[in-house]
Amino acid sequence: MSVEFRQIEVADTDAFRAAVDVVARERKYIALVEAPAIEQVRAFVARNVKRGYPQIVAIEGGAVIGWCNVPPASRAVSAHVGDLFMGLLPEFRGRGIGERLLRQAIQASDAFGFRRIELGVFASNTAAAALYRKVGFVEEGTRRMAILVDGIYHDEIIMARLSA
Ligand SMILES: CC(C)(COP(=O)(O)OP(=O)(O)OC[C@H]1O[C@@H](n2cnc3c(N)ncnc32)[C@H](O)[C@@H]1OP(=O)(O)O)[C@@H](O)C(=O)NCCC(=O)NCCS
């Protein structure tokens, strides 16, 4: 299997959204239960492409199988901070693709000039937390009961990586 990692293009928008939708509908790993509206996703991708904000997609057989977005945090005083959000389609997990995707996104974020990358991970998502720790993210705290899905509360662990 040959997976390519590259900055997203506008033409990938629908395929990116479809991948997010699959992972969101699993209702276990990301803080969405379905993909955002297409207009919102179009605007997000167009902005990332135009401004060069890191958004790496993993492509296999011409299809988007995963993503790792690192757009800047919304506050003007946090323009040096990238907010990381990633996922892989279920059938591609556990083969080292997530780690390669994440390392590529970190490289792009460092090249962009972010000094800090932060993210939130469900406390139950031990695989993702282990991956983040492996590449240098450190736990900074817990947002207790921050997520409620299907009547189940999840704590959200905040992790971050500072650039050298
Ligand atoms: C989290 C995710 C991106 C990891 O990608 P992946 O391709 O499955 O992971 P990899 O095969 O690259 O593994 C890299 C590291 O992640 C950790 N990891 C991966 N799967 C794991 C598992 N089942 N249990 C524990 N650690 C695991 C390990 O540290 C592993 O390194 P190792 O092989 O040296 O032990 C992927 O599983 C995924 O998309 N999950 C659903 C969506 C999600 O959780 N997104 C993140 C939200 S914060």
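Helices (H or I, at least four residues) and strands (E, at least two) are DSSP runs, numbered from the N terminus. This is a predicted model: local features need pLDDT of at least 70, side-chain atom pairs count only at pLDDT 80 or more, and totals for chains, interfaces and linings use all residues. Residues are numbered from 1 along each chain as its sequence is written, and side-chain values use heavy atoms, without hydrogens and water.

**Ligand site**

- The ligand takes up the space of the largest pocket. A pocket is an open set of points on a 1 Å grid over the protein atoms alone, with protein on both sides within 12 Å along at least five of seven lines. A molecule sits in one if more than half of its atoms lie within 2 Å of its grid points.
- Around the ligand are 22 residues, of which Leu88, Gly96, Gly98, Asn125 and Lys134 come nearest. Being near takes a heavy atom within 4 Å.
- Strand 5 (85–88), helix 3 (97–112), strand 6 (116–122) and helix 4 (126–134) each give the shell at least two residues. Helix 4 supplies the largest share, six residues.

**Polar contacts**

- A polar contact is a pair of N or O atoms within 3.5 Å.
- A ligand oxygen lies 2.6 Å from a side-chain N or O atom of Lys134.
- A polar backbone atom of Glu99 is 2.9 Å from a ligand oxygen.
- A polar backbone atom of Met86 is 2.9 Å from a ligand nitrogen.
- Alone, the ligand exposes 920 Å², and the protein buries 71% of that. Accessible areas use the Shrake-Rupley method with a 1.4 Å probe.

**Backbone and surface**

- Most residues other than glycine have a negative phi.
- Met145, in strand 7 (residues 138–149), has a positive phi of about 55 degrees.
- Asp150 also has a positive phi of about 55 degrees. Asp150 is in the loop between strand 7 and strand 8 (152–162).
- Met145, Leu148 and Tyr153 form a nonpolar surface patch with about 350 Å² of accessible area together. Patch residues have over 30% relative accessible area and no salt bridge, and nonpolar side chains are joined within 5 Å. A salt bridge is a side-chain nitrogen of Lys or Arg within 4 Å of a carboxyl oxygen of Asp or Glu.

How values were computed. Patches are made of residues with over 30% relative accessible area and no salt bridge: like charges are joined within 9 Å, nonpolar side chains (Val, Leu, Ile, Met, Phe, Trp, Tyr) within 5 Å. A polar contact is a pair of N or O atoms within 3.5 Å; within protein, one must be able to donate a hydrogen and the other to accept it, and residues adjacent in sequence count only if both atoms are side-chain atoms. On a 1 Å grid over the protein atoms alone, a cavity is a set of points where a 1.4 Å probe fits but cannot get out, and a pocket is an open set with protein on both sides within 12 Å along at least five of seven lines; lining residues have an atom within 4 Å of a point.
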